[in-house]
Amino acid sequence: MSTLRTPLCDRLGIDVPIVQAPIGSVSCPDLAAAVSEAGGLGTLAVTWLGLDATASVIAATRERTDRPFGVNLVLDPDTTIHATADHLEVCLGAGAEIVSFSFGDAAPYVEQVHDAGGTVLQTVGSAEEAREAVAAGVDVLVSQGWEAGGHVQSDVATMPLVPAVADVAGEDVPVIAAGGIADGRGLAAALALGADGAWLGTRFVAAAESQAHREYQRAVTEADARAAVRSELYDGGWPGQPHRTLENDTYAEWVEAGQPPVGERPGEDEEVARYGNGHPVERYDDDPPIADMEGAVDEMAMYAGQSVDLTDDVRPAAEIVDDLVAGARERIDALSEFTTGP
């Protein structure tokens, strides 16, 4: 594997500046451990897990790797379940040393993480949010652009947002670029914009170790960027939060009906799929399709960013990480030759 080391690597104790985004219930110990073993940072999304289940998935990930990995907690109180100090305490007690926070202010939790010897990441969608996070003592900023898949907290595209956040961060706080990155060229571009690494979600949905349903993975690898649409449609569990998903029959029928509000949407309260344990999923729930589900999973919320154009196959996470690093290194070397000349 080609080397590509940045200050982010030193801050997080990783070998290469690649972070697997916390892609909801699609994330799992197998995926997080595989990314970490490959030299990047794997991440578990634990917000919607109970306290015992949170401790369990952290332990399961630690059994699979002795490398650093992270957990993510969503702070938005509008979610049916959101992070609390107790949930964070369980994460830290179970051995999570890197905690990322999103959709809210991490300031009330920074000291709690630092007292446990941990590192705090916070996702921001503007330079102003970045200033507040730096003032709160956050260790690493995640600059999430408008192109990102899943729930999105920015109205600014990745290219103008990253340098603005990097200017706020200065030299002491590493910045991770998120949104629209799926290959080595995107990683190289993020570094050129002033970031210290890249945060990828859509690409890792299509990792062999992810819990994404095969139909979900197929849709991601076959879609183009125009099919990754932004809306607030899948609000069951998290109302009012914009998100980017693949266009499907649920979305198309809603658009055809004139994009009616909640209570008037086609097929509302209709069950479209079930988990392996029999728990139902309704049409506008915010659950993504995972491997043990049965039913019309292609009518569910298939979260994906505009980087679907660059996500063409399902591959092991280690290969994805290696290709990202090699591709970025190749692009950086080519640009260096171009700028310096003979």
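1. Basis of the note. The model is predicted, so that local features need pLDDT of at least 70 and side-chain atom pairs count only at pLDDT 80 or more, while totals for chains, interfaces and linings use all residues. Residues are numbered from 1 along each chain as its sequence is written, and side-chain values use heavy atoms, with hydrogens and water left out. Helices (H or I, at least four residues) and strands (E, at least two) are DSSP runs, numbered from the N terminus.

2. Aromatic pairs. The structure holds four aromatic pairs. Rings of Phe, Tyr and Trp (its six-membered ring) pair if their centres lie within 6.5 Å; planes under 30 degrees apart count as stacked, over 60 as edge-to-face and the rest as tilted. One of the pairs joins tryptophan 48 and tryptophan 238, and it is tilted because the ring centres are 5.8 Å apart and the planes stand at 45°. These two residues come from distant parts of the chain, 190 residues apart: tryptophan 48 is in the loop between strand S2 (42–45) and helix H3 (51–64), and tryptophan 238 is in the loop between strand S10 (228–231) and strand S11 (243–246).

3. The partner ring of phenylalanine 103. Phenylalanine 103 and tryptophan 238 form an edge-to-face aromatic pair, with 4.9 Å from centre to centre and 80° between the planes. Phenylalanine 103 lies between strand S4 (98–102) and helix H5 (107–115), and tryptophan 238 between S10 and S11, so the pair ties together parts that are 135 residues apart in sequence. Trp48, Phe103 and Trp238 form one aromatic cluster.

4. Buried means under 20% relative accessible area, exposed over 50%, and partly exposed in between (1.4 Å probe, protein chains only). Tryptophan 238 counts as buried because its relative accessibility is 2%. Phenylalanine 103, at 13%, also counts as buried, whereas tryptophan 48, at 35%, counts as partly exposed.

5. Positive phi angles. Phenylalanine 103 is not a glycine, although its phi is positive, at about 55°. Glutamine 259, likewise a residue other than glycine, has a positive phi near 55°. Glutamine 259 is located in the loop between helix H11 (249–256) and strand S12 (271–274). With 43% relative accessibility, glutamine 259 counts as partly exposed.

6. Charges over rings. A charge sits over a ring if NZ of Lys or CZ of Arg is within 6 Å of the ring centre and within 35 degrees of the ring normal. Arginine 244 lies over the face of tryptophan 146, at 4.3 Å from the ring centre. The charged end of arginine 265 is placed over the ring of tyrosine 284, 4.1 Å from its centre.

7. Helices H6 and H7. Axes are lines fitted to C-alpha atoms, for helices over the stretch in contact, and angles run from 0 to 180 degrees between N-to-C directions. Helix H6 (residues 127–135) packs with helix H7 (residues 158–169) at an angle of about 30°, the axes being 9 Å apart. H6 and H7 are therefore roughly parallel to each other, given that angles under 35 degrees count as roughly parallel, over 145 as roughly antiparallel, 65 to 115 as roughly perpendicular and the rest as oblique. Contact means heavy atoms within 4.5 Å. Residues making the contact include Ala130 and Val134 of H6 and Leu161 and Val165 of H7.

8. Helices H3 and H4. The axes of H3 and helix H4 (residues 85–93) come within 9 Å and cross at roughly 25°. That makes H3 roughly parallel to H4. In H3, Leu51, Thr54, Ala55 and Ile58 meet His87, Val90 and Cys91 of H4.

9. Helix H10 and two further buried residues. The buried residues of helix H10 (residues 214–222) are Tyr216, Gln217, Ala219, Val220 and Thr221, and they pack against helix H9 (202–205) and S11. Valine 325, in helix H12 (residues 317–340), counts as buried at 0% relative accessibility. Glutamate 299 lies in the loop between strand S14 (294–295) and H12, and at 18% relative accessibility glutamate 299 counts as buried. Leaving aside neighbours within four places in sequence, glutamate 299 is in contact with Tyr234, Asn248, Asp249, Thr250, Val272 and Arg283.
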